Amino acid sequence: MVKVLFVCLGNICRSPMAEAVFKDMVTREGLSDKIYVDSAATSSWEQGNPVHQGTRQKLKEVGIRTEGMYSRQLQDDDLSADYIIGMDNSNIKNIHTFIQNRASGTVCKLLEFAGENREIDDPWYTGDFEKTYQDVLKGCQGLLAFIKAHNL
Ligand code: 4NP
């Protein structure tokens, strides 16, 4: 099983979007028994809260549901993930602070899998869930291609 963990600051906007979009892709390709997908926050600020309305609304437009998803903070169980994927440089810094040297998985930004060393803007601040969705989609497509080439 390849374990993928998406991480952002609050785990209510970007990382649950990536989790839901990537799970949908994995399911469509019949790979659910090979790839495990989850998400978490670097902060505890939104602990227990549901997915942000903006993410819910955007994903509903493309037929992806987010019911039953709630924010949670990174925990030691997450150290076993093969891919710990942040959205921006601040996430990456916080992920490394949490991990110290305790994990062996790959830590990188989602858009690196699309060949871009760029951050995914936080729609909590920009309000632009469409742009975030397009970036998440691009990154998830690249990530799936990467995992198929390297892990499956
Ligand atoms: P996310 O966005 O990291 O993409 O989930 C945020 C959600 C909540 C907060 C900041 C960013 N907040 O300050 O509570």
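Start with aspartate 122. One of its polar side-chain atoms sits 2.9 Å from an oxygen atom of the ligand. This is a predicted model, where local features need pLDDT of at least 70, side-chain atom pairs count only at pLDDT 80 or more, and totals for chains, interfaces and linings use all residues. Residues are numbered from 1 along each chain as its sequence is written, and side-chain values use heavy atoms, with hydrogens and water left out.

Two other side chains belong here. Glutamate 46 places a polar side-chain atom 2.8 Å from a ligand oxygen. Arginine 14 has a side-chain N or O atom 2.8 Å from an oxygen atom of the ligand. A polar contact here is a pair of N or O atoms within 3.5 Å. On its own, the ligand has 360 Å² of accessible area (Shrake-Rupley, 1.4 Å probe). The protein covers 94% of that.

Who surrounds the ligand? Among them are Cys8, Leu9, Gly10, Trp45, Trp124 and Tyr125. Near means a heavy atom within 4 Å. The shell divides into seven nonpolar, two polar and three charged residues. Cys, Trp and Tyr count as nonpolar, Gly as polar, and Asp, Glu, Lys and Arg as charged.

Now the strands. Strands are DSSP E runs of at least two residues; helices are H or I runs of at least four. β1 covers residues 2-8 and pairs with β2 in parallel, over seven bridges. Pairing takes at least two DSSP bridges. Valine 2 has isoleucine 35 as its bridge partner in β2. Between β1 and β2 the chain runs through helix α1, residues 14-28, in a right-handed β-α-β crossover. Right-handed means clockwise from first strand over helix to second, with the strands pointing away from the viewer.

Is β2, residues 35-41, mostly covered or mostly open? Mostly covered: six of its seven residues are buried, meaning under 20% relative accessible area with a 1.4 Å probe, protein chains only.

Note on methods: A polar contact is a pair of N or O atoms within 3.5 Å; within protein, one must be able to donate a hydrogen and the other to accept it, and residues adjacent in sequence count only if both atoms are side-chain atoms. Buried means under 20% relative accessible area, exposed over 50%, partly exposed in between (1.4 Å probe, protein chains only).
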